[in-house]
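Biologist: I am new to this structure. Please show me how to read its features, one by one.

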Amino acid sequence: LSLVIPVYTQDLGVLRKTLEALDFQKDVSFEVIVVLNPPVPFEFKTQAYDLKILTSNVGVNRARNIGLKESSCDIVLFLDADCQPTDSDFLKNYLVRLRNEPELTALGGVYTSPNQSSVYSRAYHSIQIEWLYSGVVNRNLSTQFLLGGNFAIKKSKIDKTIFDDKIIFGGSEVGFFLELYAKGLKMRLDPALTVVHTSKLDRPG
C-alpha cells in the first residue's frame, strides 16, 4: 500500500504526529510519500515503513498528483497531514476491504474531533459529516464523493483520472470524485475507517 500525505509547511507539527501514529500500524507493509508545499527542510526517522519526502510548489492537488505518480503500489491512500489514525489496523482494514471488493475504485472514511475539542471544531466536523452523507446514493453507502483527507483508490481502475491542479484550496478533490462517478466507477463510504482530524480550530495559537 502507498500512502500519500500532501502538506502545507504550516502543518509540519501535526504532520509529525501523523507520521508517529503510522509507526503503530500492524500487519501491513506500506510506503509513505510526503509532498511538502512549498519546499522546506523536514526530516523524520522511522523503521516502521519506507518514507519518501518530495516537494511541490502550488496547491494540494498538484501535491496529490505528484504522490500518485511516485507511488509504487496499486492501492494508494490519501491522508491529510492533520489526520491521525488511532486504530492500529487502520491501513490493514483499507487494504482488506479494497482487495475483497474488486468492483470498488475508491473507498473512504470519516473524520472525528480530538478529545476536548472546541465547540467550533465539533460544529465544523458535524457539518462536514452531513455534507459527506449527502453524496451517499444507496444503503450500501455507495457515494458520489469522499473526504479528501481520508480515502484510497486503485490506480488500475481510475482510467488516468487525476486531480485538477488548478484548484488550490478547500474542496479541491471533489471534481476528481465526480469525474470517477460520471464514468460509472464505484466508490463507497465506510464510517469504520476513522481518523482524528486536528483542524486549525483545535491547535494552539
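**Reading contacts, burial and fold**

Modeller: Start with one residue. Leaving out residues up to four places away in sequence, Val58 touches Asn37 and Ile168. Contact means heavy atoms within 4.5 Å. This is a predicted model: local features need pLDDT of at least 70, side-chain atom pairs count only at pLDDT 80 or more, and totals for chains, interfaces and linings use all residues. Residues are numbered from 1 along each chain as its sequence is written, and side-chain values use heavy atoms, with hydrogens and water left out.

Biologist: Where is Val58 found?

Modeller: Helices (H or I, at least four residues) and strands (E, at least two) are DSSP runs, numbered from the N terminus. Val58 lies in the loop between strand E3 (50–55) and helix H2 (60–70).

Biologist: How many Å separate the C-alpha atoms of Val58 and Ile158?

Modeller: The separation is 23 Å, for two residues 100 apart along the chain.

Biologist: Now Gln84. Why is Gln84 called buried?

Modeller: Because its relative accessible area is 10%. Gln84 sits in strand E5 (residues 83–85).

Biologist: Which residues is Gln84 in contact with, leaving aside neighbours within four places in sequence?

Modeller: They are Val14, Lys17, Thr18, Ala21, Val195, Val196 and Thr198.

Biologist: With which side chain does the side chain of Gln84 make a polar contact?

Modeller: A polar contact is a pair of N or O atoms within 3.5 Å; within protein, one must be able to donate a hydrogen and the other to accept it, and residues adjacent in sequence count only if both atoms are side-chain atoms. For Gln84 the partner is the side chain of Thr198, at 3.1 Å.

Biologist: Now the whole chain. How many helices and strands has the protein chain?

Modeller: There are 5 helices and 8 strands. Along the sequence, the pattern runs β-α-β-β-α-β-β-α-β-α-β-α-β.

Biologist: What share of the protein chain is buried?

Modeller: Buried residues make up 51% of the 205 residues.

Biologist: Among contacts between residues at least 6 apart in sequence, what share joins residues at least 24 apart?

Modeller: In the protein chain, that share is 73%.

Biologist: What does the C-alpha trace span along its principal axes?

Modeller: The span is about 40 × 40 × 35 Å.

Terms used:
Buried < 20%, exposed > 50% of the residue type's maximum accessible area, 1.4 Å probe, protein only.
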